[in-house]
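Let's take a walk through this structure together, with its pockets, helices and a sheet as our stops. Have the model open beside you and turn it as you read.

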Amino acid sequence: MAAFLSLAESQRRIAGYLNRFADAIARQDGATLRPLLAVSSAASLLPLADALSNFSDSSRLVSQSDHIAQFAEILLPLLRSIQSHRLGRFAEAYSSYEKAANSFLQEFRNWETPWAMETVQTIALEIRLLAEKGDRELASSGKSPEKLKGAGSFLMKVFGALAGKGPKRVGALYITCQLFKIYFKLGTVHLCRSVIRSIETARIFDFEEFPVKDKVTYMYYTGRLEVFNENFLAADQKLTYSLARSDPLNMSNMRMILKYLIPVKLSIGILPKMSLLKKYNLMEYSGVIDALKTGDVRLLRQALQEHEEQFLRSGVYLVLEKLELIVYQRLVKKIYMIQKQKDPDKAHQIKLDTIIKALKWLGIEIDTDEGECIVTMLIYKNLVKGYFAHKSKVCVLSKSDPFPKLCGKPVMT
């Protein structure tokens, strides 16, 4: 497309872009400025990119006018980034964009009002997207991917610029969420802690003053962190907050939150309805829920095996695996209910051999020692009230409430 442009037309496009950029800053017009820095996502920059490929002396246009030349340290690398991105040279596009972004951040620090906040947020998004593209390009050519790590370092500078007492601090949560996305992608989630401490303990921030969209994203990522740390009550609170304030019509976002909230709910004894799983296409959890309802350990293991890759990728496999103890509780309860119908006076005495036979019927082979271990663990975790008589190999249940409900409390703590 660039080959059909005349030099005059190319020059006109570049000059027009430069003037719009400088005028937007002079007028403090954030709405006009923001798309001018959206290198990877603004279709409006494609004609400019073609012009840059056709006209090699854009630096002369930048230096021709003081009005524009004062922003040369932003504009020159920005133009290189736009051109590199158009040519599919993403690592180069990222490197140039980071230089432009650093220079823009220096200007932003000097502006008293947050008029360019949306532009800073666009820069934060672009720096992450360009870094991801750059790393994919580097990896495909056998080089070490390093751009996303650099993007994280740059965004920490942005966070520092917003973490003051002035009105700019309202943009800090958006930057935090971009950092979370980078840290989760890189597998360096431990780096989230320092940012979380700043947001949740620093007196300069009032969480309620942040935009709802940013709060929803923040609670989603911090909820996921709590899942990884097995802090299920905190995870439940944060993910539920995120779900309740999300747009119910955005099925993709709702599904993303539920993917983590469902395992949390299961861990604290709350089973979602099958209609919810169907609505959000989360049927991979149906086998797990059936196992919890029926006390069928085999069903749970089959569900985990069938969807192992999916659960591992989400980071919830270990959480679901630990539900096995609740499934054993359900099995022992079913044995108790059957015995109660046959002989109510002796229903609270369950022979270990009966439990082992029930498991064998389900296709689970265990020996006496393993059976004792399961029963002892159920009692220790307060899933079963009573004691185990080792000599007679009998689980003696309490006559009052032998199977305490979880009531929103996790088993694993």
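Start at the second largest pocket, where 13 residues make up the lining, with Gly269, Leu292, Ile326, Gln329 and Arg330 lying nearest the centre. A pocket here is an open set of points on a 1 Å grid over the protein atoms alone, with protein on both sides within 12 Å along at least five of seven lines, and lining residues have an atom within 4 Å of a point. The second largest pocket holds about 340 Å³ of space; a volume is the space filled by probe spheres set on the points, which are joined across faces, edges and corners.

Before going further, a word on what you are looking at: this is a predicted model, in which local features need pLDDT of at least 70 and side-chain atom pairs count only at pLDDT 80 or more, while totals for chains, interfaces and linings use all residues. Residues are numbered from 1 along each chain as its sequence is written, and side-chain values use heavy atoms, with hydrogens and water left out.

Back in the second largest pocket, helix H16 (286-294) and helix H20 (324-342) each supply at least two lining residues, and H20 gives the most, with four. Helices (H or I, at least four residues) and strands (E, at least two) are DSSP runs, numbered from the N terminus. By type, this lining divides into seven nonpolar, two polar and four charged residues. In this scheme Ala, Val, Leu, Ile, Met, Phe, Trp, Tyr, Cys and Pro count as nonpolar, Asp, Glu, Lys and Arg as charged, and the others, Gly among them, as polar.

Now move to the largest pocket, with a volume of about 440 Å³. Its lining has 17 residues, and Lys181, Lys213, Val216, Thr217 and Asn253 lie nearest its centre. Helix H10 (172-186), helix H12 (212-228) and helix H14 (251-267) each bring at least two residues to this lining, with H12 giving the most, six residues. Seven of the lining residues are nonpolar, six polar and four charged.

H8 (residues 117-140) deserves a look of its own. At 1.5 Å a residue, its 24 residues should span 34 Å, and its end C-alpha atoms are 35 Å apart, which agrees; the expected span is 1.5 Å times one less than the number of residues. Just after H8, Gly142 takes a positive phi of about 80°.

Finally, find the open sheet, where three strands follow the order S1-S3-S2 with antiparallel pairing. Strand S1 (349-351) and strand S2 (386-389) stand at the edges with a single partner strand each, so one side of each has no neighbour in the sheet. Two strands pair if DSSP finds at least two bridges between them. Three bridges join S1 to strand S3 (residues 394-397), while S2 and S3 pair over four. Cys395 in S3 is the bridge partner of Ile350 and also of Phe388. S2 and S3 form a hairpin with four residues between them, and Lys393 in the turn has a positive phi of about 55°.

Note on methods: On a 1 Å grid over the protein atoms alone, a cavity is a set of points where a 1.4 Å probe fits but cannot get out, and a pocket is an open set with protein on both sides within 12 Å along at least five of seven lines; lining residues have an atom within 4 Å of a point.
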